[in-house]
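Trainee: I have a model open and want to learn how to read it. Where do we start?
Mentor: With the overall layout, then one feature at a time.

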Amino acid sequence: MTRLFSRTRTDDSGQGGRTAHRSVLPVEIYDTTQLSLEKAIEGAAARQEAIAQNLANVDTPGYQRVDVDFHQTLSNAMASGTQDLRSATFSPQRDASATVRADGSTVDPDVESAAQARNGLEYEALVQISKARTDILESAMGVK
């Protein structure tokens, strides 16, 4: 998270006067939307890893498919507030709804390939949106 460190703080000394102190206080330049985008990118990356793990184990008898439902995790975190959003984590969970094959595995290579393509497109879109927002902020600050 990028922060700028410069803000003047005014204290009331209790003696009828106000004193300005130059202190180093963090000023966040990213808003909740940018934080949400960064977390969504993190979640999509975790999902991509889970899908890759599923594909790597497609021929492993008894292997149970895993997935990362980062959309639901993000939705819950956003509803709870910024602090929950910052601490949101994404971990693979066993997919109990997957169909069991004769060898006991629950991985369907066609379903995984489609999920991988769909998730990859979503990841790319999230990265592009995040970059565009960062470019706008940098332009407004005169960095670019």
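Trainee: How many helices and strands does the secondary structure come to?
Mentor: Helices (H or I, at least four residues) and strands (E, at least two) are DSSP runs, numbered from the N terminus. Here there are four helices and four strands. Along the sequence the pattern reads β-β-α-β-α-α-β-α. Two cautions follow. This is a predicted model, where local features need pLDDT of at least 70, side-chain atom pairs count only at pLDDT 80 or more, and totals for chains, interfaces and linings use all residues. Residues are numbered from 1 along each chain as its sequence is written, and side-chain values use heavy atoms, with hydrogens and water left out.

Trainee: What percentage of the 144 residues is buried?
Mentor: Buried means under 20% relative accessible area, exposed over 50%, and partly exposed in between (1.4 Å probe, protein chains only). In this protein, buried residues make up 28% of the 144.

Trainee: And what is the accessible surface of the protein?
Mentor: Accessible areas come from the Shrake-Rupley method with a 1.4 Å probe; for residues, only the protein chains shown count as cover. The total is about 9,000 Å², and 52% of that belongs to carbon and sulfur atoms.

Trainee: Which residues of the largest nonpolar core touch the most other members?
Mentor: A nonpolar core is a set of buried Ala, Val, Leu, Ile, Met, Phe, Trp, Tyr and Cys residues joined through side-chain atoms within 4.5 Å. The largest one has 19 residues, and Val68, Phe70, Leu74, Leu85, Phe90 and Leu126 touch the most other members. Helix H1 (32-56) and H2 each supply at least two residues of this core. H1 gives the most, with seven residues.

Trainee: Which residues of H2 are buried?
Mentor: Phe70, Leu74 and Ala77. They lie on the same side of H2, because they cover an arc of only 70 degrees around the axis. That arc is taken from the directions from the helix axis to the C-beta atoms. The face turned away from the buried side carries the exposed residues Ala79 and Ser80. After H2 comes Gly81, with a positive phi near 125 degrees.

Trainee: What do the buried residues of H2 pack against?
Mentor: Contact means heavy atoms within 4.5 Å. The buried residues of H2 pack against H1, helix H3 (82-86) and H4. Take Leu74: leaving aside neighbours within four places in sequence, Leu74 is in contact with Ser36, Lys39, Ala40, Leu85 and Phe90.

Trainee: Which side chain joins that of Asp67 in a polar contact?
Mentor: A polar contact is a pair of N or O atoms within 3.5 Å; within protein, one must be able to donate a hydrogen and the other to accept it, and residues adjacent in sequence count only if both atoms are side-chain atoms. Asp67 sits in strand S3 (residues 66-67). The side chains of Asp67 and Arg47 are joined at 2.7 Å.

Trainee: Where is Thr106?
Mentor: In the loop between strand S4 (93-94) and helix H4 (109-141). Thr106 counts as buried because its relative accessibility is 5%. A polar atom of the Thr106 side chain lies 2.6 Å from the backbone nitrogen of Arg65.
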